[in-house]
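Below is a set of questions and answers on one protein chain, meant to be read alongside the sequence and the coordinates. Please look at the model before reading on.

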Amino acid sequence: MPGMVAFGRRWRIASDDLVFPGAFELFIRALWWVATLVLYIKHKGRFDCHGGAYLHNYLVVLLVLLAVIIFTLCAIVYVSAQGTIMNPGPRRSMLALVYLRAVLYVPELVWAILGAIWVSDDSTGCNPAEVGAVLGAVMSSWIILVCMVVGVLVVFDPLGSRRSGAQLAVRDLESSESAQLFFTAHSVASRVWESRLRLLCCCLPQDDNHRAAFSSIAQLVGGFFLDTDLVPSDIAAGLALLHQEQDKMEQSRDPDEVLTHSPSSPIREDLELELEKAAHCMQFAAAAYGWPLYVYSNPLTGLCKLSGDCCRSRHAEYDLVGGDHLGCHFTSILQSTGLQYRDFIHISFHNQIYEIPFFVALDHKREAVLVAVRGTLSLKDVLTDLSAECENLSVEGVSGTCYAHKGISQAAHYIYKKLVNDGILSQAFNIAPEYRLVITGHSLGAGTASLLAVLLRSTHPTLECFAFSPPGGLMSKALADYSKQFVVSVVLGKDLVPRLSIPNMEDLKRRLLKVVSNCSKPKYKILMHGCWYELFGGTPDDFPTEMESRREEELNQPLLGEESLLVRHSSSYQSLSSDDSPAPHTHLPLFLPGRVMHITEDGPARRHCFSQVRYRAEWSSETAFRNVLISPRMIADHMPDVVLRALRSLTREPHALLCPSSMSHSHLNVI
């Protein structure tokens, strides 16, 4: 940081990012040089065939060229390792080295072409072993050149030319001109991201819903890092630092210090009751994923159990709507839930943007009409997830502003129309009028189920909803408070998704910028220790949290003619000036639905691969999920099979619910 400016444009790589790729290329070049030298010494004087002089000269020039490249790479690695992320001053000479390395590709390319011509045309009569050895050297040259072209494409920034111009002009602009510059850059970034989405989703129908989703997602993603000059390696280093800082805070926290709920909160017996219900409903939420999750959860027996019924068509007997491999999906649901064919009222595998699969069944064990909504399993579902702008949601009886996540709200309205307008719920309650309505889902399905429960609450006042790992940026505070009466959200460990919202991501960006700005160690050391810590654990590195009296102007020294992008004008950087000043939020806050049940591992943070995992469950608050936690398990804790396993473990071992801090507090819920 900042991104390197070379050849008149900015690249997605900083001057301190060349340590590892440079060292790797240096290792390959050194081996190649040694092998070429051995080849030359071994075959010296034997190139006495037609064209042998050309082959001899090729090896000599190649040795000299490789030696120059090796010395250049040594200088690049050494210079790139100097300074810190925010102090690029010691790396001022990097631009000259980069240009020198680029110039060296020209003779290398020319020599590779000539070598290919000489080997193919002028090697007649030469020893095949000698020709093969030279051919190997020629092929190695081409492999290296192709890899470098791929590397250039990876670090190419489509917005580089515009951002480079912004860097040079931003400090000379008035505030109005600067705002206009940012608006133009954001528009260009949005168009670039929209083009990427269209290319990625070229197989999907380009209807109005998709075009609106592409535009909304592009606006969101294009502007997120626009006011910073972060490159991908800066983000990786910042996440590594945040994880270690977070672990140090957890280790220093007093384990006996707990905060009890107010007397009006649910008591422990209620927690056990809701936990039993949640464990039962989670099997339906997991079953909604169909055969992919079933086979993943049962790798040895899943295919055998499904193979007999996968090709059987049940269209005449059951209302299966849309999707592929319907027989496999339906069979896996039967296997996962233990229900019979006759217990299903409606099964839909139709999947489009804002339209997600669900099924309705009669749960005789719990005497419930159960609606299970599937989570994210397709690219269309991802587009629904990423349509994260707010949409007004009109709900009777709720005081306060009502709005929700647009994509999930659209999905909830889609299922609501199916259930009500198509008479699916009426059909179910005609069969079992004494049953109550239960709605469940995981991830995207959990968010949709929660909003669907809000929509149906007025006509079904006794309904219950169990939302497993719901997205954090789901509904307004008024709706979240209203949903506490009938929605229970279950969150496992450090799951990323319940902590995922636009304000939380803005807070993560602010914390990432702060920790990167305050660290005085080179980036390569941060990344090396971070990788070791993630893989093998150990003690968190004691990285400094102060700037060690370095002057701010020294941290912002221009590098290679570049300026730290938007440092003086960016709200992201201005928010770092004081810990007390709250970060400005440009997006409406969204919250988790209902009451929040938090399940955590009981015991050390790192355990043996084959050790038994024990869990504890507590009532928590949505305020506990306002920060994104960095952890190797932030994705694994979101997986539906992991959540189901944790719930089953808790229901089999009720004593695991007790707070380990004190047995005398067992009648209280703690957060």
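**Side chains, helices and backbone**

Q: With which side chain does the side chain of Ser 15 make a polar contact?
A: The model is predicted, so local features are taken only at pLDDT of at least 70 and side-chain atom pairs only at pLDDT 80 or more, whereas totals for chains, interfaces and linings use all residues. Residues are numbered from 1 along each chain as its sequence is written, and side-chain values use heavy atoms, leaving out hydrogens and water. A polar contact is a pair of N or O atoms within 3.5 Å, in which, within protein, one must be able to donate a hydrogen and the other to accept it, and residues adjacent in sequence count only if both atoms are side-chain atoms. For the side chain of Ser 15 the partner, at 2.7 Å, is the side chain of Arg 91.

Q: Is Ser 15 buried or exposed, and what is its relative accessible area?
A: Ser 15 sits in the loop between strand β2 (9–14) and helix α1 (19–43), where helices (H or I, at least four residues) and strands (E, at least two) are DSSP runs numbered from the N terminus. Buried means under 20% relative accessible area, exposed over 50%, and partly exposed in between, with a 1.4 Å probe and protein chains only. Ser 15 is therefore buried, its relative accessible area being 0%.

Q: How far apart are the C-alpha atoms of Ser 15 and Val 98?
A: Along the chain, Ser 15 and Val 98 are 83 residues apart.

Q: Among contacts between residues at least 6 apart in sequence, what percentage join residues at least 24 apart?
A: The protein has 671 residues, of which 53% count as buried, and its secondary structure comes to 22 helices and 13 strands. Contact means heavy atoms within 4.5 Å. Of the contacts between residues at least 6 apart in sequence, the share joining residues at least 24 apart is 76%.

Q: How are helices α8 and α18 oriented relative to each other?
A: Axes are lines fitted to C-alpha atoms, for helices over the stretch in contact, and angles run from 0 to 180 degrees between N-to-C directions. Helix α8 (residues 232–252) packs against helix α18 (residues 502–518) at an angle of about 90°, with the axes 9 Å apart. Angles under 35 degrees count as roughly parallel, over 145 as roughly antiparallel, 65 to 115 as roughly perpendicular and the rest as oblique. The two helices, α8 and α18, are therefore roughly perpendicular.

Q: How many nonpolar, polar and charged residues make up the contact of α8 with α18?
A: Helix α8 contributes Asp 234, Ile 235, Gly 238, Leu 239, Leu 241, Leu 242 and Glu 245, while α18 contributes Leu 508, Arg 511, Leu 512, Val 515 and Val 516. Ala, Val, Leu, Ile, Met, Phe, Trp, Tyr, Cys and Pro count as nonpolar, Asp, Glu, Lys and Arg as charged, and the others, Gly among them, as polar. By class, the contact has eight nonpolar, one polar and three charged residues.

Q: What is the phi of Ser 469?
A: Most residues other than glycine have a negative phi. Ser 469 lies in the loop between β10 (464–468) and α17 (477–483), and it is buried, with a relative accessible area of 0%. Its phi is a positive value in a residue other than glycine, near 55°.

Q: Is Glu 367 buried, exposed or partly exposed?
A: Glu 367 is placed in the loop between β5 (358–363) and β6 (368–373), and its phi is positive, near 55°. With a relative accessible area of 45%, Glu 367 is partly exposed.
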